[in-house]
Amino acid sequence: MSNRILIVGGGLAGTIIANGLCRQLGKELRTGKVSISMIGTSDQHMYQPGLLYVPFGKIREAELFRDQRKVLDRRVPYHIDPATNIDVDAQKVTTQSGKIYEYDYLVIATGSRLMPQNIPGMEEGAHWFYDLEGARKMRDALTEFDGGKIIVNVNAPHKCPVAPVEITFMLYDFLNDKGLMDKTEITYTYPIGRLHALEPVAEWAKPAMDEYGIKYETFFNTKEVDPVGKTITSEEGVTLPYDMLVTIPPHNGAEVITDSGLGDGGWVPTDKKKLLREGSDNVFICGDTTNIPISKAGSTAHFEADTVIDNLVSLLTEGRWARDYDGKVFCFVETGMKTGTYVWFDYTTPPNPGAPSQMIHWFKLAYNRLYWLSARGLL
Amino acid sequence: MAERKLIDARGAFCPGPLMELIATLKLVEIGDEIEVLSTDKGTAMDVPEWVAKVGHEMVGTEDKGDHWSVVVRKAK
């Protein structure tokens, strides 16, 4: 009997899983005992962390993209046909074109999306760098910027949790190098009562921001933006004026998740160790799509994907589970234009970032290219 | 009818219990309750402080021995 594995989502999580399965199931694929196919939304695969460098002109846009069919193992048919309904009871997925894909095992890795439209005035009044169009607009605005008040505004939930502090310190270095910091004020706003969700990152960021003269406002959850008056107001009742607003917009999961009744906000209730959808024994959830209270980040997707690969291979070839996901997350943290550090943690090990160094910054720049080996399942 | 949602953020270092609560409040109806389980002792102080600032309602905080249970009602 053939085992049909269907992967919905062509981002990092889905792609690592597809390629990793191919590397371990060569014989089963050859003999037809297993088939793997993928449904996605684009012919391009984007290296999302590279967007951080776009506003500063520090990366060539071509470096961010590869043809998804070239990143994917050639044994995986790739259908650019967005999923519109996922029926986990009938074990089938319907796509925009009306096709129906049946499966024995399903991997849902549909990711997250930016929702600036959830906050009145944000689309009109703010810049962001979490997608290419936004990062380009922010680059153009920075080119024109000649001093004033910049606000870096963070909203929950959002992916890549260290990116807000990275962009803040990179903005400082960028404007300082241009000689603009003497007539610029940067203010960083954060939803909770410290400067970062990770306590050690918050403890490192506070004295660093104090040293650079970067202001901050904690317990700031955006209620509305006035794009004409150029102010941003929080649910907590604070209003700040700005000349340039850089926001990390709130995120939701994919529309197909809510449309299929699989989870509020597009986040699927998921067993945090087995990465199975709650209530299913053949539906794996990976990457940003889970509702696990853990960082939505590429490294999370990577470590989760490795677990899903091992368990799917083990289930298909030996009829047993291989291992649990241990909650591992690893993030590089750019602490300016020339230095960086990193942080890792899992369900039982708290984070403990080291001192920033130039070497780690260089390693991050190297990883910007090594990423493609991760996507191919080689790293 | 009001519902209660559970966030089991025990052992969650990032984004952490309060950030999970803020995100989940955006998805529920006024009157619904959210129970947050947390092993971070700061949660028992952070959550009431934020709830008071923003105008939601604290239902209760309970020390369960190895973790805290904090219940919040969405008020607006």
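**View 1. Chain A comes in two domains.** Chain A splits into domain 1 (3–111 + 254–329) and domain 2 (115–250), with bounds taken from an automatic or database domain assignment. This is a predicted model, where local features need pLDDT of at least 70, side-chain atom pairs count only at pLDDT 80 or more, and totals for chains, interfaces and linings use all residues. Residues are numbered from 1 along each chain as its sequence is written, while chains are lettered from A and ligands numbered from 1 in the order in which they are written. Taken over C-alpha atoms, the centres of domain 1 and domain 2 of chain A are 31 Å apart. Where they touch, domain 1 of chain A puts in 11 residues and domain 2 of chain A puts in 17 residues; contact here means C-beta atoms, placed from the backbone, within 7 Å. On the domain 1 side of chain A, that works out by class as seven nonpolar, two polar and two charged residues. Ala, Val, Leu, Ile, Met, Phe, Trp, Tyr, Cys and Pro count as nonpolar, Asp, Glu, Lys and Arg as charged, and the others, Gly among them, as polar.

**View 2. The largest nonpolar core, with A:F129 in the picture.** Out of 77 residues in this core, A:F129 and A:V246 touch the most other members. A nonpolar core is a set of buried Ala, Val, Leu, Ile, Met, Phe, Trp, Tyr and Cys residues joined through C-beta atoms within 7 Å. Buried means 20 or more other C-beta atoms within 10 Å of the residue's own, exposed means 12 or fewer, and partly exposed is in between, with C-beta atoms placed from the backbone. The biggest giver is α6(A), with eight residues. Each of domain 1 and domain 2 of chain A supplies at least three residues to this core. Setting aside neighbours within four places in sequence, the contacts of A:F129 include A:L51, A:L52, A:M138 and A:I167. There is also a second, separate core of 51 residues, with A:V8, A:Y101, A:I108 and A:L275 among them.

**View 3. A parallel, open sheet in chain A.** Five strands line up as β5-β2-β1-β9-β19. Strands here are DSSP runs (E, at least two residues), helices are runs of H or I (at least four residues), and both are numbered from the N terminus; two strands pair if DSSP finds at least two bridges between them. At the edges sit β5 (78–80) and β19 (283–285) of chain A, each with a single partner strand, so one side of each has no neighbour in the sheet. Inside the sheet, β1 (3–8) and β9 (105–108) of chain A run parallel over four bridges, and A:I7 has A:V107 as its bridge partner in β9(A). Helix α1 (12–24) of chain A packs on the sheet, touching β1, β2 (34–40) and β9 of chain A, and its direction makes about 160 degrees with that of β2(A). Axes are lines fitted to C-alpha atoms, for helices over the stretch in contact, and angles run from 0 to 180 degrees between N-to-C directions.

View 4. The loop between β11 (148–154) and α6 (163–177) of chain A holds A:P157, and the peptide bond from A:A156 to A:P157 is cis, with omega near -5 degrees. A:C160 is in the loop between β11 and α6 too. Its phi is near 50 degrees, a positive value in a residue other than glycine. A:C160 is buried, with 23 other C-beta atoms within 10 Å.

Key: Contact = placed C-beta atoms within 7 Å.
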